[in-house]
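The sequence and the structure are shown first.

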Amino acid sequence: MSDSTITCTRCNLANHPSNRFCTACGLPLGSAQADAEAGGDALGMYEPPDPADSESDSLLRDLVARSGFDATPDRHGWRLLVSLPMDRHQVVYLGHAGTDPEGRPLIALVSVCGTARDRDARTLLKLNARSVEGHFAIRVLRGEEYFIVVHNLAANLSADLDAAALVHRIAEMADSLEDRLSRGRDLY
């Protein structure tokens with residue numbers, strides 16, 4: 001494939017560089033620069049718990065507060081900024097993630113790593129086999145596929161967790177992949 005084409009991240013079709021959308025599947029084609037603001041959509045549009053279940057919302061706020069990181073409300077939850085070695089930072093989003101099969105509310109911790117590329121997917125699947133907390137996944141953000149780290153947990157189990165350590169581990173896992181994918185840039 002020549003440098004004069006843009007490969008669609010969804011269907012892998014080589015498109016002419018003047019195309020704004022993939023001619024096969026219609027996905028917006030990426031730019032040379034990653035979209036650092038795409039992370040704001042990382043939690044998705046899950047409905048918050050039923051107002052009668054205010055305990056889930058309270059557990060989420062408690063988890064955010066106990067993390068000790070700089071936290072700000074975001075579109076679908078909370079945005080936590082985690083400082084890492086070598087002046088790097090990683091954002092971890094916390095929010096509601098629907099319910100598990102038993103109907104218990106879930107809380108998600110999500111951090112964006114970078115634009116998804118097929119050549120990296122096999123490696124990440126192998127890393128998932130060794131993951132203890134969190135796993136790599138692909139999520140469509142602003143019309144493009146991104147690698148993310150996600151950790152879902154039952155809201156009622158969040159009170160017993162070391163929130164700061166969990167958030168920090170998710171941030172480290174995501175930043176490690178981001179560093180490799182972006183060749184040292186710190187975008188997310």
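A residue is called buried when its relative accessible area is under 20%, and exposed when that area is over 50%. The model discussed here is predicted.

**The loop between β4 and β5**

D87 is found in the loop between β4 and β5. With a relative accessible area of 73%, D87 is above the 50% cut-off and is therefore exposed. M86 has its place in this loop too, and M86 is likewise exposed, with a relative accessible area of 77%. Most residues other than glycine have a negative phi. M86, although not a glycine, has a positive phi of about 65°. D87 also has a positive phi, near 55°, and is a residue other than glycine.

| Residue | Relative accessible area | State |
|---|---|---|
| M86 | 77% | exposed |
| D87 | 73% | exposed |
| L125 | 60% | exposed |
| Q90 | 0% | buried |

Q90 is found in strand β5. Its relative accessible area is 0%, so Q90 is buried. The side chain of Q90 makes a polar contact of 2.9 Å with the side chain of S111. The Q90 side chain also reaches the backbone oxygen of V112, at 2.8 Å. Leaving out residues up to four places away in sequence, Q90 touches L80, L81, V82 and L84, as well as S111 and V112. The list of residues touched by Q90 also includes A171, A174, D175, E178 and Y188.

**The β3-β4 hairpin**

Strand β3 covers residues 70-74 and strand β4 covers residues 77-84; the two pair in the antiparallel sense over five bridges. They form a hairpin, with two residues between the strands. Within this pairing, A71 stands opposite L80 of β4.

In soluble globular proteins, nonpolar side chains tend to be buried together. The largest nonpolar core here has 27 residues, and those that touch the most other members are V92, L94, L109, C113, F136, V149 and V167. At least two residues of this core come from each of α1 (54-67), β4, β5 (88-99), β6 (105-115), β8 (144-154) and α3 (163-181). The greatest contribution is that of α3, which gives eight residues. Another core, of 14 residues, lies apart from this one, and L43, Y93, L141 and Y188 are among its members.

**Packing of α1 on α3**

Two packed helices are described by the angle between their axes and the distance between the axes. For α1 and α3 the angle is about 80° and the axes are 7 Å apart. This makes α1 roughly perpendicular to α3, because angles of 65 to 115 degrees fall in that class. On the α1 side the contact is made by L63, R66 and S67, and on the α3 side by A163, A164 and V167.

**Helix α2**

L125 lies in helix α2, which spans residues 118-128. L125 is exposed, because its relative accessible area of 60% is over 50%. The C-alpha atoms of L125 and A137 are separated by 8.7 Å, and the two residues are twelve residues apart along the chain.

Note on methods:
Residues are numbered from 1 along each chain as its sequence is written. This is a predicted model: local features need pLDDT of at least 70, side-chain atom pairs count only at pLDDT 80 or more; totals for chains, interfaces and linings use all residues. Side-chain values use heavy atoms; hydrogens and water are left out. Two strands pair if DSSP finds at least two bridges between them. Helices (H or I, at least four residues) and strands (E, at least two) are DSSP runs, numbered from the N terminus. A nonpolar core is a set of buried Ala, Val, Leu, Ile, Met, Phe, Trp, Tyr and Cys residues joined through side-chain atoms within 4.5 Å. Buried means under 20% relative accessible area, exposed over 50%, partly exposed in between (1.4 Å probe, protein chains only). A polar contact is a pair of N or O atoms within 3.5 Å; within protein, one must be able to donate a hydrogen and the other to accept it, and residues adjacent in sequence count only if both atoms are side-chain atoms. Contact means heavy atoms within 4.5 Å. Axes are lines fitted to C-alpha atoms, for helices over the stretch in contact, and angles run from 0 to 180 degrees between N-to-C directions. Angles under 35 degrees count as roughly parallel, over 145 as roughly antiparallel, 65 to 115 as roughly perpendicular and the rest as oblique.
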